[in-house]
Structures are given as structure tokens and as C-alpha cells.
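Have a look at the model, then work through the points below.

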Amino acid sequence: MQVTDRNREARTTVVLAVLCFVLQLTLAPNVGLGNGRANFALVFTACLALFSGGRSPAVAGFVAGLLFDLSSTGPIGLMAFCLTLVGFALGLGARERVVGDLATSVVYASAASLAVSVVYHVAMLLVGQSSSLIDALFLRALPTALLTIVAFLPFAYYFSRVRTHGMGLSGRHASGGLGRPLL
């Protein structure tokens, strides 16, 4: 008997949000490449947009961006604006896009990561947080985009492989049992 779990997507979204928020506060400031740091708010928005689609990723991107802005020294609202646009743009496509083609999803997330990183760090240059355009683009934006893509890969793999085979974040299959389902 197949039992559908209607709260599965909501639980997954909440766990993903909490995990990305904790990683943004703990891991991102301590692991860097040049002056770039991974953006887990973008990872959350991209995962949600590529998996669930629709308009809810735009709202989630705004909230994630606002939390990012409040935890950083950048201008309040800049990352919220960028992630709202990314959530909307990536959410326009088909639902569960990451399930169908992992490589295409990584390309979309990579393009979004590069665009957000460039816009954010050029804006930081304009407000005086960077010393030059070379510093903003090559020492901050490119390493940030690269680290964000690397941080996105495990999440994309989870949503494309593990999540589609019936295993949720609880470790239980859709049939209710642990491990492999009985046939």
C-alpha cells in the first residue's frame, strides 16, 4: 500500500533552511578562498527553486537573503533582492527540475551563483567595502561563486538521487519502514 506524506516537502524545506542557516553562520566565515566565502543562503534558494518550483522560492529567497544581510556587514536588502530574483527565475521552470537532470541543475545554480556574486560584490565596491574592481571581481566574486557551487553539490545530489528514491530526511522510506522497502 502506497501512503503519501503531504508534509514531507514542508519538513524537508524547514530542515534545509535550518541546515543552510547554521552552515552560513558557522562554516562560511571560517572557510574561504581568497576573500570569497560560500553563500549558503543562495544554496538554500537554488535547492528550493530547482526542487519545488513555483513562486514560493522567491519568498524563501527574500527571507534567506534578509537573514544573510543581517548576519553580514553588507547593505541590508541587497542579498534579499538578489535571492528574490534568483528564486523567482529558477522557480519559473518545471517542478523537480533537479530530479530530471542533475547536470543542468548544477549549470543553472552555477549561473545564478556567479550572477549574484558579481552583483553583490560590485555593489560592495560601490559602498566602499572593496578596494578595486579587480578585488571585487577576481578576489571576491569568483571565489564566492566557486565555493557556493561546491557547497551546492551535496544538496543537489541529495535532491536528485536520495530524495527521489523514497528516502526522506527522517531515514524512512515512503512505505514507512527503515532501509530498503520490501517488495
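A nonpolar patch lies on the surface, formed by Val-14, Val-18, Phe-21, Val-22, Leu-25, Val-59, Phe-62, Val-63, Leu-67, Leu-70 and Ile-76, with about 1000 Å² of accessible area together. Helices α1 (8–26) and α3 are the elements that give two or more residues to this patch. This is a predicted model, in which local features need pLDDT of at least 70 and side-chain atom pairs count only at pLDDT 80 or more, while totals for chains, interfaces and linings use all residues. Residues are numbered from 1 along each chain as its sequence is written, and side-chain values use heavy atoms, with hydrogens and water left out.

**Terms for the patch**
- Patches are made of residues with over 30% relative accessible area and no salt bridge; like charges are joined within 9 Å, and nonpolar side chains (Val, Leu, Ile, Met, Phe, Trp, Tyr) within 5 Å.
- Areas come from the Shrake-Rupley method with a 1.4 Å probe, and for residues only the protein chains shown count as cover.
- Helices (H or I, at least four residues) and strands (E, at least two) are DSSP runs, numbered from the N terminus.

- Ile-76 sits in the loop between α3 and α4 (78–91), and its relative accessible area of 57% makes it exposed.
- Buried means under 20% relative accessible area, exposed over 50%, and partly exposed in between (1.4 Å probe, protein chains only).
- Ala-38, in the loop between β2 (36–37) and α2 (40–52), counts as buried at 9% relative accessibility.
- Leaving out residues up to four places away in sequence, Ala-38 touches Gln-24, Ala-28, Leu-147, Thr-148 and Ala-151 (contact means heavy atoms within 4.5 Å).
- Ala-38 and Ala-28 are ten residues apart in sequence, and their C-alpha atoms are 5.4 Å apart.

**Salt bridge**
- A search of the whole structure finds one salt bridge, a side-chain nitrogen of Lys or Arg within 4 Å of a carboxyl oxygen of Asp or Glu.
- The partners are Arg-140 and Asp-135, whose closest N and O atoms are 3.0 Å apart.
- Asp-135 is buried, at 8% relative accessibility.

**Helix α6**
- Buried residues in α6 include Ser-105, Val-116, Tyr-120, His-121 and Met-124.
- Just after α6, Gly-128 has a positive phi of about 95 degrees.

**Confidence**
- The chain averages a pLDDT of 83, and 81% of the residues score at least 70; pLDDT is the predictor's confidence in each residue, from 0 to 100.
- Over residues 167–183 the pLDDT is below 50, and this stretch has 25 contacts in the model beyond near neighbours in sequence.
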